[in-house]
Amino acid sequence: MESAAAGTPDGYTIGREITDVGADVVAAGGPVVPALTGRFRLRAVDPTGDDPAMLVSWFARPHLVETWEQEWSEAKWRADSTHRLAGDYSRPLIVSLDGTEIGYVELYRPARDEIARLYPVDPYDMGIHIATADPALTGRGVMSGWLAELAQALFDADSRCRRVVLEPDARNSRVRRALTRHGWTDAGEFDVRPDRRIALHILGRTPADVPQL
């Protein structure tokens with residue numbers, strides 16, 4: 001999911017991160033991480049603990065190799081999560097269901113991401129990336145249903161957030177159908193890079209918050 005990028009002060013780069021942003025984006029600060037109280041919980045990735053090894057194991061699974069292409073070393077996972085936690089672009093998180101850790105989530109600011117070029121982004125918009133580690137949970141509506149709950153939690157946590165965005169691979173028709181079923185608007189397909197075509201999905205706080213592209 002990454003591409004080449006210019007350097008950042010800590011020496012690590014994320015290809016899709018935009019580092020030259022306006023004062024309004026700076027003022028918005030980092031992504032909001034809501035406090036969840038139901039069956040699903042979120043916690044920050046710990047770069048110094050066992051999480052990098054767990055992520056190596058998860059992202060070597062065939063369904064994530066195909067969709068994420070991030071068969072990284074422990075050292076790269078440590079560097080990536082450290083960079084995200086130190087900045088205002090993204091928060092790397094572990095999601096659990098009923099106490100069992102089942103996946104990886106990134107909450108990010110679209111105004112600091114390559115998709116900012118695709119729609120009239122607001123500095124307080126939020127975006128979600130999710131990798132479900134357990135393939136038994138895919139295709140059952142469990143995670144797509146939870147994503148709608150997570151989006152509502154983001155709206156509840158920050159009244160300034162007008163919309164939440166997701167951008168699965170354009171070829172992933174199953175996920176796209178699931179998202180629209182749970183209220184997301186399919187805003188169309190876009191070539192964000194020569195090797196990446198995405199389908200932008202937007203969930204507005206109100207219908208008026210979904211832009212017409």
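**Close-up 1. Asp169 and the residues it touches.** Leaving aside residues up to four places away in sequence, Asp169 touches Arg176, Arg197 and Ala199, where contact means heavy atoms within 4.5 Å. This is a predicted model, so local features need pLDDT of at least 70 and side-chain atom pairs count only at pLDDT 80 or more, while totals for chains, interfaces and linings use all residues. Residues are numbered from 1 along each chain as its sequence is written, and side-chain values use heavy atoms, with hydrogens and water left out. You'll find Asp169 in the loop between strand 5 (163–166) and helix 6 (173–181); helices (H or I, at least four residues) and strands (E, at least two) are DSSP runs, numbered from the N terminus. Buried means under 20% relative accessible area, exposed means over 50%, and partly exposed is in between (1.4 Å probe, protein chains only). The side chain of Asp169 also reaches the backbone nitrogen of Arg171 at 2.8 Å.

Close-up 2. Arg91 sits in strand 2 (residues 90–97) and is buried, with a relative accessible area of 16%. Which backbone oxygens lie by a polar atom of the Arg91 side chain? One belongs to Arg84, at 3.0 Å, and another belongs to Gly87, at 2.7 Å. A polar contact here is a pair of N or O atoms within 3.5 Å; within protein, one must be able to donate a hydrogen and the other to accept it, and residues adjacent in sequence count only if both atoms are side-chain atoms. Not counting residues up to four places away in sequence, the residues that Arg91 touches include Gly30, Pro31 and Val105.

Close-up 3. Strand 1 (residues 40–44) pairs with strand 2 in the antiparallel sense over five bridges, with Leu42 partnered by Val95. Strands pair if DSSP finds at least two bridges between them. Strand 3 (residues 100–108) runs antiparallel to strand 2 and is joined to it by eight bridges; Tyr104 in strand 3 stands opposite Ile94. In the hairpin of strands 2 and 3, with two residues between the strands, Asp98 takes a positive phi near 55°.

**Close-up 4. The buried face of helix 4.** Trp77, Asp80, Ser81, His83 and Arg84 are the buried residues of helix 4. Seen down the helix axis, they fall within an arc of 160°, so they line one face of helix 4; the arc is that of the directions from the helix axis to the C-beta atoms. These buried residues pack against helix 2 (51–59), strand 2 and strand 3.

**Close-up 5. Aromatic pairs.** The whole structure has eight aromatic pairs. Rings of Phe, Tyr and Trp (its six-membered ring) pair if their centres lie within 6.5 Å; planes under 30 degrees apart count as stacked, over 60 as edge-to-face and the rest as tilted. Phe40 and Trp146 are stacked, 4.8 Å centre to centre with 20° between the planes. Phe40 lies in strand 1 and Trp146 in helix 5 (residues 142–157), so the pair ties together parts that are 106 residues apart in sequence.
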